[in-house]
Amino acid sequence: MAEHIIVLEKATKIFKAEVVFENISVAFEKGKVYGIIGRNGSGKSVFFKCICGLMPLTAGLVRVNGKIVGKEIEIPADIGIVIERPGFMQHYSGFKNLKMLAKIRGKTTDSTICATMRKVGLDPDNKKWVEKYSIGMLQRLGIAQAILESPELLILDEPMNGLDENGVAEIREMFQSLKAQGVTILMTSHNADDISSLCDETYIMQNHILTKLS
């Protein structure tokens, strides 16, 4: 039997009188890549935030690795997240930003930080402040932050935003490699090629519900 890393049961999110999504019951298996599509404002980002524990559900529940988010755990362990534009210390280099974040848990060495930056196409020796980064460089740094501690689960909201054609190809290849290592990935994308080339299953968020397409 397949092992589920994420399970949602009648998950509902309402802001005041606005229903974002309701009664979503779905399970995501370990080691697969899932694509979530839908128009802007359909609730994809909020859905991801509720899975990650960054925003509470109004009703229902979400379990990650068997733990109820918001009750048994606040933020799931062993998770990497890119939701909206990543926030970094503007007057520090990319390497220094990642090093500061790595100190929180003390699991990552300088050599791992350097290797991770190179993996996403960034130069760890570049002293340029993050405030001078292009949108694509910021996106690469956000992805580096997400994968830095080799999480088993990645939640990625439009991870290809701001990347040029070569950058998209490089990051797709990296995600394929992570999938081969057993990492579970949930991602949104407006690019149909991202979804078709990376995802095992695709869902659409519309009319407040999540529907499986393939």
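Predicted model: local features only at pLDDT ≥ 70, side-chain atom pairs only at ≥ 80, totals over all residues.
Let me start with helix α2, where the buried residues, buried meaning under 20% relative accessible area, exposed over 50% and partly exposed in between, with a 1.4 Å probe and protein chains only, are Gly94, Phe95, Asn97, Leu98 and Ala102. Seen down the axis of α2, these buried residues fall within an arc of 160°, so they line one face of the helix; the arc here is that of the directions from the helix axis to the C-beta atoms.

Residues are numbered from 1 along each chain as its sequence is written, and side-chain values use heavy atoms, with hydrogens and water left out. Helices (H or I, at least four residues) and strands (E, at least two) are DSSP runs, numbered from the N terminus.

To finish with α2, the face turned away from its buried side carries the exposed residues Lys103 and Ile104, and what covers its buried residues includes α3 and α4. The helix is followed by Gly106, whose phi is positive, near 65°.

That brings us to α4, which is mostly covered, with 11 of its 13 residues buried. Among them are Met137, Leu138, Gln139, Arg140 and Leu141. The buried residues of α4 pack against β6, α2 (94-105), α3, β7 and α5. As for its length, the 13 residues of α4 should span 18 Å at 1.5 Å a residue, and its end C-alpha atoms are 19 Å apart, which agrees; the expected span is 1.5 Å times one less than the number of residues.

How do α4 and α5 lie relative to each other, parallel or antiparallel? The axes of α4 (residues 135-147) and α5 (residues 165-180) come within 12 Å and cross at roughly 10°, where axes are lines fitted to C-alpha atoms, for helices over the stretch in contact, and angles run from 0 to 180 degrees between N-to-C directions. The two helices are therefore roughly parallel to each other, given that angles under 35 degrees count as roughly parallel, over 145 as roughly antiparallel, 65 to 115 as roughly perpendicular and the rest as oblique.

On the α4 side of this contact (heavy atoms within 4.5 Å) are Arg140, Ile143 and Ile147, and they meet Gly167, Glu170, Ile171, Met174, Phe175 and Leu178 in α5. The residues of the contact divide into 6 nonpolar, 1 polar and 2 charged, with Ala, Val, Leu, Ile, Met, Phe, Trp, Tyr, Cys and Pro counted as nonpolar, Asp, Glu, Lys and Arg as charged, and the others, Gly among them, as polar.

Turning to α5 itself, this helix has 16 residues and reaches 23 Å from its first C-alpha to its last, close to the 22 Å expected at 1.5 Å a residue. Its buried residues are Gly167, Val168, Ile171, Arg172, Met174, Phe175 and Leu178, and seen down the axis they fall within an arc of 165°, so they line one face of the helix. An α-helix has 3.6 residues a turn, so residues three or four places apart point the same way. The face of α5 turned away from its buried side carries the exposed residues Glu165, Asn166, Glu173 and Ala180, whereas what covers the buried residues includes α3 (110-119), α4, β7 (153-157), β8 (184-188) and α6 (192-198). Just after α5, Gly182 takes a positive phi of about 95°.

Val64 is found in strand β4 (residues 59-64) and is buried, with a relative accessible area of 3%. Leaving aside neighbours within four places in sequence, Val64 is in contact with Ile5, Ile6, Ile51, Val69, Ile73, Pro76 and Leu153. Ile37, in strand β3 (residues 33-37), is partly exposed at 23% relative accessible area, and the C-alpha atoms of Ile37 and Met187, 150 residues apart along the chain, are separated by 8.6 Å.

Last, the backbone. Most residues other than glycine have a negative phi. Asp78, in the loop between β5 (67-68) and β6 (79-82), has a positive phi near 60° and counts as partly exposed at 28% relative accessibility. Asn207, in the loop between β9 (201-206) and β10 (209-212), has a positive phi near 55° and counts as exposed at 65% relative accessibility.
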